[in-house]
Amino acid sequence: MADTGPAYNPTTVSTDPDKANRVCGSELDLKHFVLKLLQLVLSFVAFICEEIIDQCNSCGGLYFFEFVSCSAFLLSILVLIVYWTPLRKRIRIPSFRKIDFWVTAAVGVLFLIASIVFVATMDPSSLGQVSVAFGFLASFAFLVELWVMHKSGYLKKNQEDHSTPGTNGVVENQPLNPPVQASA
């Protein structure tokens with residue numbers, strides 16, 4: 001049996017309280033993961049319901065809704081893939097949380113606008129009403145996550161600092177030799 005004494009604690013026991021809240025090794029905690037999954041499912045269902053509509057008299061709102069719902073679905077997949085896989089550590093985007101925040105805000109607002117435009121221009125059909133309902137639900141899921149991000153200090157958590165000190169306390173991304181002053 002292996003010894004689990006205090007000598008092994010600093011390297012094998014996580015002391016980060018945020019890691020305990022993460023879902024299956026992803027970078028997301030449970031509420032953000034559930035909201036992102038909900039956004040993915042709702043935007044996919046809105047897109048599929050909209051795609052099944054075979055006739056329209058005024059198709060501008062339908063096409064705008066189609067573009068926004070498809071884009072929201074694809075962006076939701078992309079964000080989940082980045083958070084769920086080791087790709088997050090490989091792409092090294094220093095402000096990925098800020099990008100996620102602004103993408104969530106933009107998609108939520110655009111989805112809400114697209115749903116309103118689609119309601120105003122759609123023909124009365126049950127499939128159109130179902131796709132608009134899922135569009136509103138998806139836009140609210142994006143906006144609720146935006147509110148949760150703002151309230152939880154999502155942008156302030158785990159901000160990566162590029163000037164990390166090395167083992168001797170010297171910042172590693174600084175030049176080795178200081179600039180030489182010209183003598184008078």
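**Figure 1. Helix α4 packs its buried residues against several other helices.** In this predicted model, the buried residues of α4 pack against α3, α5, α6 and α7. The helix spans residues 60–84, and α5 spans 87–91. The buried positions of α4 are G61, L62, F65, V68, S69, A72, F73, S76, V79, L80, V82 and Y83. α4 has 25 residues. From first C-alpha to last, α4 reaches 36 Å, close to the 36 Å expected at 1.5 Å a residue. An α-helix has 3.6 residues a turn, so residues three or four places apart point the same way.

Figure 2. Buried in α6 are F96, R97, D100, F101, T104, A105, V107, G108, F111, A114, S115 and F118. These buried residues pack against α3, α4, α5 and α7.

**Figure 3. The largest nonpolar core.** This core holds 15 residues. Which of its members touch the most other members? They are F65, A72, V107, F111, F118 and F142. A second, separate core has 14 residues, including L40, V79, A105 and Y154.

**Figure 4. The surroundings of F65.** F65 is buried, with a relative accessible area of 0%. What does F65 contact, leaving aside its neighbours within four places in sequence? The partners are A46, E50, F111, A114, S115, F118, S131 and G135. Among them, A114, S115 and F118 are buried residues of α6.

Figure 5. The structure holds 6 aromatic pairs. One of them joins F65 and F111. The ring centres of F65 and F111 are 5.8 Å apart. Their planes meet at 70°, so the pair is edge-to-face. F65 lies in helix α4 and F111 in helix α6, so the pair ties together parts that are 46 residues apart in sequence. F111 is buried, at 0% relative accessibility. Ring pairs also link F65, F111, F118 and F142 into a cluster.

Figure 6. The rings of F136 and F140 have centres 6.4 Å apart. Their planes lie at 25°, so this pair is stacked. Being 4 residues apart in helix α7, F136 and F140 are separated by about one helical turn. Are these two residues buried or partly exposed? F136 counts as partly exposed, at 23% relative accessibility. F140 also counts as partly exposed, at 44%.

Figure 7. The structure holds 0 disulfides. C49 is buried, with a relative accessible area of 11%. C70 is partly exposed, at 24%. C59 is found in the loop between α3 and α4. At 18% relative accessibility, C59 counts as buried, because the cut-off for buried is under 20%. C59 has its C-alpha atom 9.3 Å from that of D123. Along the chain, C59 and D123 are 64 residues apart.

**Figure 8. V109 and L143.** V109 lies in helix α6. V109 is partly exposed, with a relative accessible area of 44%. How far apart are the C-alpha atoms of V109 and L143? The separation is 7.6 Å. Along the chain, V109 and L143 are 34 residues apart.

**Figure 9. The helices in the context of the whole chain.** The protein chain has 7 helices and 0 strands. Along the sequence, the pattern is α-α-α-α-α-α-α. Of the 184 residues in the chain, 33% are buried. Among contacts with a separation of 6 or more, 73% are between residues 24 or more positions apart. The chain exposes about 12,100 Å². Carbon and sulfur atoms supply 65% of that area.

Definitions and conventions
Residues are numbered from 1 along each chain as its sequence is written. This is a predicted model: local features need pLDDT of at least 70, side-chain atom pairs count only at pLDDT 80 or more; totals for chains, interfaces and linings use all residues. Side-chain values use heavy atoms; hydrogens and water are left out. A nonpolar core is a set of buried Ala, Val, Leu, Ile, Met, Phe, Trp, Tyr and Cys residues joined through side-chain atoms within 4.5 Å. Buried means under 20% relative accessible area, exposed over 50%, partly exposed in between (1.4 Å probe, protein chains only). Helices (H or I, at least four residues) and strands (E, at least two) are DSSP runs, numbered from the N terminus. Contact means heavy atoms within 4.5 Å. A disulfide is a pair of cysteine sulfur atoms within 2.5 Å. Rings of Phe, Tyr and Trp (its six-membered ring) pair if their centres lie within 6.5 Å; planes under 30 degrees apart count as stacked, over 60 as edge-to-face and the rest as tilted. The expected span of a helix is 1.5 Å times one less than its number of residues. Accessible areas come from the Shrake-Rupley method with a 1.4 Å probe; for residues, only the protein chains shown count as cover.
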